[in-house]
Amino acid sequence: MDPVLLARIQFGLTAAFHFLYPPVTIGLAWLIVYIGWRYLRTADPAYERMAAFWIKLFAMLFAVGVATGITMEFQFGTNWSTYSRFVGDIFGSPLAAEGVFAFFLESTFLGVLIFGRRRVSRGFYWFSSLMVAIGSTLSAFWIIVANSWQQTPTAYRIVGEEVFRRAELTDFLAAVFNPSTLPRYTHTVVASLLTGAFFMAGISAWYLLKSRHQEFARRSLQIGLVAAAVASLLILVTGHFHSVQVALTQPAKMAAFEGLFRTESGADLILWGFPDTANQTVRLKIALPGLLSFLIHFDPKATVAGLDQIARENWPPVELAFYPYHLMVLLGGWFILISWLGLLLGSRRFTSRPYLWAVLLSLPLPWLSLELGWMAAELGRQPWAVYGLLRTRDAVSVVVPAEQVLATIILFVLIYSLLLALLIFLLTREIARGPEPLAAVPAQEVVR
């Protein structure tokens, strides 16, 4: 057994499982802020009822997200000690900032949301929801700073030799705002809003299909669809911004995304195909002539670097980057179609069963898209753990035997399966109960 492969499988499994939760909580948090703001402006108890319901689901997802995130940090010290030594001086600051400025803010005010509904004024309750949303969004920023530095390292100098080599921080702000931070962050936050919106819209569609909680479901579906429609277009903008950055700073990754084996002037944008690395071609491809050059350089005849410009030992696994990237892009098109169709249908979106079924079945697709995007980003930077500085095979702990890593993988799979089963049980039970009756929300009992 290869301990490096096992360590990579373990980190990939735990990271992929953890990544199911932060995006949906970020998106849902901002939708709860909007619903709370509507309640603050109108004093309509229906909005308070809506906020209370979505906060319950938010709290469940948040709890599992926190629990699964902790294990990832332990792995840096157990399976990736060489990597931790190398990046420790850089990673310490953003991870500390995430804990101090984001996680505690988010956790503290989440307590108010869960336990303070009858104990604080309506204005402070809404303010607490805003702080939770800001905290969760800030938390994502600092994590993405740490990840982005691995993709496009800046503001460092290398000290030490051999296994004691490490990157030493020289400029904090330059490291934070390295070339890929803002493109990656904006793209992820918009994708998070899309995930929260489809989560809200999908559950609302289910209520309408079951003829339950009609007024609640109509309002929630409306909010979810509008947010999804806006986010699905913003995804195009941020995705383009991010792709241009990748092409300019990580040309090997972009070449793998597009199956571009040879440097070309007027490079085509491949919509789909089957890359063949052995023969350095893409079979049965469907492509738009010159569009890749235009999107990257705003010139349809511009030259785009191919994998022939990269030493063969530094090529990413082309197929493993190509397929997730293109599936993610195809799903992006579906999100635009389904959300804008809902707006165009007008009031029929609440009664059309085929449309409501389509929205319900689309509920998990933003999660799938996020996972595919993450796979493309992480596989596309291989064979580097830190791009151009530290290879993944050199980043692993040298003293942890493969048997121990395999045993922990099995343990993680068992525990995470139980966690997921418990979460699904609790979510489905809460959704089956639905929002509390309006009669249970006497407005005069609320502290104002």
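A residue is called buried when its relative accessible area is under 20%, exposed when over 50%, and partly exposed in between (1.4 Å probe, protein chains only). The structure is a predicted model, in which local features need pLDDT of at least 70 and side-chain atom pairs count only at pLDDT 80 or more, while totals for chains, interfaces and linings use all residues. Residues are numbered from 1 along each chain as its sequence is written, and side-chain values use heavy atoms, with hydrogens and water left out.

**View A. The protein chain as a whole, with 15 helices and eight strands.** Helices (H or I, at least four residues) and strands (E, at least two) are DSSP runs, numbered from the N terminus. The C-alpha atoms of the protein chain fill a box of roughly 70 × 50 × 40 Å along the principal axes. The radius of gyration, taken over C-alpha atoms, is compared with a globule rule of 2.2 Å times the number of residues to the power 0.38. For 448 residues, a compact globule would have a value near 22 Å, and the 23 Å of the protein chain agrees with this. Of the 448 residues, 53% are buried. With contact defined as heavy atoms within 4.5 Å, residues 24 or more positions apart account for 78% of the contacts that have a separation of 6 or more.

**View B. Helix α7, residues 181–209.** From its first C-alpha to its last, this helix of 29 residues reaches 42 Å, close to the 42 Å expected at 1.5 Å a residue; the expected span is 1.5 Å times one less than the number of residues. Because 24 of the 29 residues of α7 are buried, the helix is largely enclosed by the rest of the structure. Ser211 follows α7 and has a positive phi, near 55°.

**View C. Phe172 in helix α6, residues 172–176.** Phe172 is partly exposed, with a relative accessible area of 35%. Leaving aside residues up to four places away in sequence, Phe172 touches Ser93 and Trp142. Ile55 is 117 residues from Phe172 along the chain, and the C-alpha atoms of the two are separated by 36 Å.

**View D. Phe104 in helix α4, residues 81–115.** The relative accessible area of Phe104 is 51%, so this residue is exposed. Between the C-alpha atoms of Phe104 and Lys210, which are 106 residues apart along the chain, the separation is 39 Å.

**View E. Backbone geometry at Leu284 and Phe298.** Most residues other than glycine have a negative phi, and most peptide bonds are trans. Leu284, although not a glycine, has a positive phi of about 50°. Leu284 belongs to strand β5 (residues 281–288) and is exposed, with a relative accessible area of 69%. Phe298, likewise not a glycine, has a positive phi of about 55°. Phe298 occupies the loop between α10 (291–297) and β6 (303–304); with a relative accessible area of 59%, Phe298 is exposed.

**View F. The peptide bond from Gln382 to Pro383.** This bond is cis, with omega near 15°. Pro383 is placed in the loop between α13 (365–380) and β7 (384–386).
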